[in-house]
Amino acid sequence: MNNFFSKFFNLRNDQRGKAPRASVQNMATPEGDAAIVKDELDRKIDMILSLMVEYYGSDKLVIKAGKMEALQLIRSPIKGERVLALQKIMYDNPTLTAVPEEKDIPRLVDQLIEKMSDLLARRSLEADLEQKIADRLEENHQDYVQDIRRQILKEEKKGYETPMEQQKREKLEELEKVKLTQSVMELLRPDCLEDIVGQERAVASLLAKLSSPYPQHLILYGPPGVGKTTAARLVLEASKERPLSPFRQDAPFVETDGTTLRWDPRDLTNPLLGSVHDPIYQGARRDLADTGIPEPKPGLVTDAHGGILFIDEIGEMDVMLQNKLLKVLEDKRAFFESAYYDPTDDKVPPYIRKLFEEGAPADFVLIGATTRDSSSINPALRSRCAEIYFEPLTPQHIEEIVQRAAKRLSATLGDGVAKLISEYTIEGRKAINILADAYSLALERSQQPTKDEAGNKATDTDAVTGADTDADASAGAADNDSDKAAESTNAASGVVIERADIYKVAQVSRLSPYVTKKASDRCEVGHIFGLGVAGFLGSVIEIEAVAFEAHEKGKGTVRFNETAGSMAKDSVFNAASVVRMVTGKDIHDYDLHINVVGGGNIDGPSAGTAILTAIISAITGQPIRQDTAVTGEISLQGRVRPVGGVFEKAYGAKQAGISRLIIPSENTKDIPKHHLGLEIFPVSRAQEALDLLLAKEE
């Protein structure tokens with residue numbers, strides 16, 4: 001090869017003007033110059049032919065020259081014919097027949113040299129690429145051998161790990177040693193059913209349904225922060241101890257969030273039901289990927305087999321995924337499909353064949369929790385589940401939760417602290433957060449040294465620093481952690497949380513009192529408390545009315561909030577008709593203005609009785625009791641019609657300090673007697689409600 005390239009470079013140098021030396025005699029005459037040029041062309045032609053012999057090989061060159069009809073030409077003594085033969089061979093063109101003229105031969109020879117240089121450059125590049133490919137194949141082969149060696153070592157020696165794997169494991173172990181403390185929510189989370197405040201009926205119903213030999217799927221409704229998730233977890237533990245319960249001691253409680261579960265129409269991933277991946281993308285399972293065998297990945301429904309699958313915020317879950325979950329509940333198995341699965345393939349492992357043909361076991365009890373109403377749940381799924389409603393918390397419940405949490409924190413509550421927290425929230429979780437923030441402020445305040453204490457502490461520290469040796473300092477550092485822990489425990493045990501701490505938390509967190517409407521013992525003209533409900537939370541609606549005699553009798557006007565809604569406006573006109581029936585007065589003789597304080601939208605007719613009472617009070621001047629709230633639709637005949645959400649509205653009344661509640665008589669079955677300590681009055685006609693609402697004349 002070296003000889004081959006040496007010839008080529010000599011030829012290139014000659015082409016670029018480095019002609020061989022000639023004799024003095026030849027250079028002295030024009031005939032001598034012609035002879036030199038002739039000898040140079042012959043030498044170049046012979047050199048090109050020699051390079052072609054080494055490039056193609058003598059046998060291949062002869063065969064190629066025969067195909068190109070150039071064998072006779074290449075042996076010709078005529079220079080032009082030899083050049084023609086080289087052109088045919090090098091350009092693979094047997095159609096070339098014209099013998100070049102003498103004047104064109106130098107140019108054609110230069111072209112042949114350039115063509116030969118291209119062929120040599122290609123061969124050099126191909127040789128480099130082949131060498132790199134060979135090196136890469138050898139490298140990959142060595143890596144593959146190392147992988148096989150490591151795999152055999154792992155099979156032969158359990159627990160074997162590479163240096164990189166060992167380094168990562170040691171880093172994880174170092175991280176495990178770093179522990180701060182429990183979170184407040186973890187510390188204060190109820191650890192027994194008795195600690196769940198305000199949900200006695202819901203917890204009893206939940207326990208009864210899960211402890212039965214035939215447990216039911218459940219959907220838990222209720223506002224946030226009332227203990228739905230905690231109740232489900234604790235009820236499972238309590239059910240394991242019941243003799244008729246089907247749950248074993250190792251029954252799992254698998255928890256997930258419906259807002260994070262999304263249905264993938266391509267079925268590439270489904271953490272809830274399981275999925276089958278393309279064999280090429282199965283990851284570490286090289287044995288299956290190489291053979292093209294798909295491997296099913298069971299989901300959470302299989303992890304929950306024999307226990308409970310708890311889906312928080314199930315109302316937020318995709319509707320299609322709810323339908324697919326319904327199929328799993330019916331079959332009690334999760335089935336898989338894949339175009340890559342070949343049931344006739346003998347290489348398919350038995351467990352994969354079993355998953356495809358029989359499915360994965362998924363016999364569990366579903367418990368879904370939601371803060372939305374039942375319309376967000378698939379009707380077919382609802383029909384297979386029992387429904388339990390968790391109740392909103394009253395201020396008394398919030399106070400009890402706060403007091404229990406303070407006891408666990410070993411903290412003392414100042415006067416009125418629990419009651420103050422209950423004014424800012426109706427959620428147990430939020431109340432705990434407020435208490436935890438106030439606890440941190442109180443703890444920080446208790447650890448602040450006075451000016452005298454700070455000075456003494458600095459003096460003592462300086463004295464110790466001057467007396468200690470290096471060895472003593474090292475010993476002191478070793479005991480620092482235990483001393484710090486002891487000091488922290490002693491400091492936390494005497495924390496007193498004051499009302500000022502709660503106010504600071506409220507200011508920093510931008511909290512405002514949850515209820516601003518308060519009942520009172522006095523009576524007012526034209527002011528009444530109605531009741532509304534949004535979701536699972538009831539609220540008090542303030543309605544006020546004022547009446548003036550019209551300038552012209554019979555031409556009075558009625559004005560009402562435009563933002564209150566069309567149904568509330570219809571209630572005003574219905575009430576106007578009943579006013580004349582009850583009092584004998586025509587509202588058209590008055591300029592009447594009715595206002596919903598706060599401009600709320602009353603989406604329903606339940607404010608009819610309240611609006612009627614406010615109008616009559618404004619016209620007649622009779623005051624209305626401010627310790628009473630009323631709900632109910634008013635008909636044109638003066639009947640009080642039933643409404644929805646009476647149970648939730650009672651909580652709204654209690655939150656506002658109401659002690660008396662007037663409801664339609666047909667709603668009596670919807671609410672227990674003396675619910676939440678309220679004095680409940682069922683009425684069927686408007687006059688009965690007016691007798692209870694309007695203050696008696698002294």
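# Briefing: pockets, patches and salt bridges

At 10% relative accessibility, K240 counts as buried, and this lysine forms a salt bridge with E237. Welcome to a quick tour of a predicted model, in which 30 salt bridges are found. The largest pocket has a volume of about 740 Å³, and a search of the whole structure turns up one cavity of 30 Å³ or more. The notes below take these topics in turn, then end with some backbone details.

- In the pair formed by K240 and E237, the closest N and O atoms are 3.3 Å apart.
- K240 and E237 are three residues apart in helix α11, so about one helical turn separates them.
- While K240 is buried at 10% relative accessibility, E237 counts as partly exposed because its relative accessibility is 41%; the cut-off for buried is under 20%.
- Salt bridges that share partners also link D191, D195, E400, R404 and R408 into one network.
- Another salt bridge joins the side chains of E255 and R233, at 2.7 Å from N to O.
- E255 belongs to strand β2 (residues 253-257) and R233 to helix α11, so this pair ties together parts that are 22 residues apart in sequence.
- Both partners are partly exposed: E255 has a relative accessibility of 42%, and R233 has a relative accessible area of 28%.

- The side chains of K79 and D42 come together in a salt bridge, with 3.7 Å from N to O.
- K79 sits in helix α6 (residues 79-91) and D42 in helix α3 (residues 30-56), so the contact ties together parts that are 37 residues apart in sequence.
- Are these two residues buried or exposed? K79 is buried, and so is D42.

**The largest pocket**

- Its lining is made up of 27 residues, and the pocket's volume is about 740 Å³.
- Which residues lie nearest the centre of the largest pocket? They are M185, P190, G227, T230 and R429.
- Four helices each supply at least two residues of the lining: α9 (184-188), α11 (228-240), α17 (395-408) and α19 (428-447).
- By residue class, the lining of the largest pocket holds 11 nonpolar, six polar and 10 charged residues.

**The largest cavity**

- About 60 Å³ of space lies in the largest cavity.
- Two elements give two or more residues to the lining of this cavity, namely β14 (537-549) and α26 (646-655).
- Helix α26 provides the largest share of that lining, with three residues.

- L125, L129, I133 and L137 make a nonpolar surface patch of about 410 Å².
- One of these residues, I133, is found in helix α7 (residues 105-156).
- I133 counts as exposed because its relative accessibility is 52%, the cut-off for exposed being over 50%.

**Loops and backbone angles**

- Most residues other than glycine have a negative phi, which gives some context for the next two residues.
- E69 has a phi near 55 degrees, a positive value in a residue other than glycine.
- E69 lies in the loop between α4 (58-67) and α5 (71-74), and with a relative accessible area of 59%, E69 is exposed.
- Phi of L676 is likewise positive, near 60 degrees, in a residue other than glycine.
- L676 is located in the loop between β21 (660-664) and β22 (679-683).
- E101 is found in the loop between α6 and α7, where its relative accessibility of 46% makes it partly exposed.
- The C-alpha atoms of E101 and E81 are 9.7 Å apart in space, while the two residues are 20 apart in sequence.

How values were computed:
Residues are numbered from 1 along each chain as its sequence is written. This is a predicted model: local features need pLDDT of at least 70, side-chain atom pairs count only at pLDDT 80 or more; totals for chains, interfaces and linings use all residues. Side-chain values use heavy atoms; hydrogens and water are left out. On a 1 Å grid over the protein atoms alone, a cavity is a set of points where a 1.4 Å probe fits but cannot get out, and a pocket is an open set with protein on both sides within 12 Å along at least five of seven lines; lining residues have an atom within 4 Å of a point. Grid points are joined across faces, edges and corners, and a volume is the space filled by probe spheres set on the points. Ala, Val, Leu, Ile, Met, Phe, Trp, Tyr, Cys and Pro count as nonpolar, Asp, Glu, Lys and Arg as charged, and the others, Gly among them, as polar. Patches are made of residues with over 30% relative accessible area and no salt bridge: like charges are joined within 9 Å, nonpolar side chains (Val, Leu, Ile, Met, Phe, Trp, Tyr) within 5 Å. Accessible areas come from the Shrake-Rupley method with a 1.4 Å probe; for residues, only the protein chains shown count as cover. A salt bridge is a side-chain nitrogen of Lys or Arg within 4 Å of a carboxyl oxygen of Asp or Glu. Buried means under 20% relative accessible area, exposed over 50%, partly exposed in between (1.4 Å probe, protein chains only).
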